[in-house]
Structures are given as structure tokens and as C-alpha cells.
Amino acid sequence: MDANIRIFKTADDLAGALAGDIKELIGINDRKGSVTIAVSGGRTPEMIFPVLAGKYSGQVNWQLVNIFWVDERCVGPDESESNYGMAKKLLLDRVPVPAQNIHRMRGEEEPEKEAERYSAEIMAFTRARNGLPFFDMVLLGLGEDGHTASIFPGNEHLFDTGSVCTVASHPLSGQKRITLTGEVINNAGRIIFIVTGKSKAEIIAEIINEHQESNKFPASYVKPVEGKLAWYLDEAAGSLLKNISGHGDHDSI
Ligand code: 6PG
């Protein structure tokens, strides 16, 4: 797999690298005046966002950042499961991203209608590339079943839908989700998986080493069309990867 793999001792180091990447992205894009970043939910961003908002906030010209979501649970913004609610509390209330630059998936709305509305919002506020919306950066997590965004095992067809957003359901809870489709994810300029914890080490090794079995993991379908893919891992998540030295040894993503 053609990916940049960086292994960090601490979540703080991982967050610092991410802040540096966002800063670099803005530096490249400042002629356009803004960058578009789609963020995921889950436990890992919960760890990274506070560090980004705290220690590294000054590194990023947040006024130039447009925040979108990779996926959202179909719950209200104030509910504990809301990816927006988590990002608001841990990041957006603590950095000066202009309100009009925060593009929330409305989890409280009727899912199909919201998928349609949000697709239109994305197309209105992002550039197009290859006939699809183009995100400068997409931050992805990895579930223990190999899902990413809200594309769960058995739903690999969501990498080829002809749509921008769609409605998915969590396989265990049945909870409805709005999610970016896989083709929009793969159309991004920089796709960064941020993954921590030993429980993901085996899946990561299978995906990165492109084991035959890895195609049962939706995350293995994340292959940027023109952009760059990176895995930002803590030592536990990266523990089964061979020949990868510390986070200092990498190309710039
Ligand atoms: C969500 C996320 C989901 C997440 C993975 C990994 O809405 O839950 O978008 O795709 O990234 O489940 O979550 P953790 O970071 O908690 O392992």
C-alpha cells in the first residue's frame, strides 16, 4: 500500500503532527483563502481535538478552515453520541473557526432528506475535482470491525454509489447514520487515518500489508484517486507493522 505511516509515542505527538499538517495545508492553500477538512467522530478524535485546540491551536489560522463531517449519528447535536457535539465541545468552541465555516450534518433531521441536503451543502462549499466534491483533508477513524466513516462491513458498495452522502445503519444498534460515500473520501487531497490502541493493530497490519483477507474491511477500500494517504498511529496500534521506525521517519504527506 502506498501510504505514509507515522507512529507516535503519545496522542500529544499525534495531535502535534496533525496541527502541523493543517498548518502546511493552509500555507499551500492560502492563495485560495480556505481549506476544507472533513472530520470523523469516535474516541480517537476525542483524544486529539483537545490537544489540537489547546497546545497547537496557535499553529493554525483557523479562520481559513472549513469544517465538515465524514459522518454523523442520526441524533440531535446536544446528544452525547453526536459527532458534531463532541467536536464542538472539544475543538470548535476553543478555536476561532468562523461559525459560517462549520458545516454540521443535522442528525436530528430525516436521514434521507439530510443526506440530500448535506450533499448540496458540500457541493456549494467545496471545489470539484474529478466530478466530485474535493476535500483538502479527510480525517478517518478505524472501527474494530474495519469500518471507517459509517461504511460498515458488507457495505463496500458505498465506495461506488454516484452520490456524495448517503444513509447507513450501524450493524449492531441499527442506528441510522449519515455518511460521506467512499468515492468522495477517495477524492480527497489528503486522507489521514488516526488510530490508537492495540485492538486495531491486527486490522491495520492486514490492511497496510494488503493481506488477501483485508478486503472484508471497508477501510481497505480507502485508496486516494490522486491524493495522499497517511496512517497516524500510536505505538500500540502500529505494533504489528514491520520495518516502520518512529514518527520521525516519513515523507511529508
Ligand atoms: C463514528 C466514526 C467512526 C469512527 C470509528 C473509530 O461516527 O463513530 O466516524 O467511523 O471513526 O468507529 O472510532 P474510535 O476512534 O472510537 O476507535
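1. Let's start with the ligand. It has 15 residues around it, and the nearest ones are Arg 43, Thr 44, Asp 71, Ala 149 and Lys 200. "Near" here means that a residue has a heavy atom within 4 Å of the molecule. Keep in mind that this is a predicted model: local features need pLDDT of at least 70, side-chain atom pairs count only at pLDDT 80 or more, and totals for chains, interfaces and linings use all residues. Residues are numbered from 1 along each chain as its sequence is written, and side-chain values use heavy atoms, leaving out hydrogens and water.

2. Now for the polar contacts (pairs of N or O atoms within 3.5 Å). Asp 71 places a polar side-chain atom 2.7 Å from a ligand oxygen. Lys 200 also uses a polar side-chain atom, at 2.6 Å from an oxygen of the ligand. Ala 149 instead brings a backbone N or O atom, 2.6 Å from a ligand oxygen.

3. How much of the ligand does the protein cover? The answer is 90% of the 410 Å² of accessible area that the ligand has on its own (Shrake-Rupley method, 1.4 Å probe).

4. Which elements give two or more residues to the shell around the ligand? They are helix H2 (43-53) and strand E4 (71-73). Helices (H or I, at least four residues) and strands (E, at least two) are DSSP runs, numbered from the N terminus.

5. Follow E4 and you get to an open sheet of three strands, ordered E4-E9-E8 with antiparallel pairing. Strands pair if DSSP finds at least two bridges between them. E4 and strand E8 (165-169) are the edges, each pairing on one side only. The twist averages 25 degrees from one strand to the next, where axes are lines fitted to C-alpha atoms and angles run from 0 to 180 degrees between N-to-C directions.

6. Asp 71 turns up again here: its bridge partner in E9 is Thr 179. E4 and E9 (residues 176-180) are joined by three bridges in the antiparallel sense.

7. There is also an open sheet of six strands, with parallel pairing and the order E1-E11-E10-E7-E2-E3. Its edge strands are E1 (4-8) and E3 (65-69). Ignoring direction, neighbouring strands in this sheet are turned by 20 degrees against each other on average.

Methods: Polar contact = N/O pair within 3.5 Å; in protein donor to acceptor, adjacent residues only side chain to side chain.
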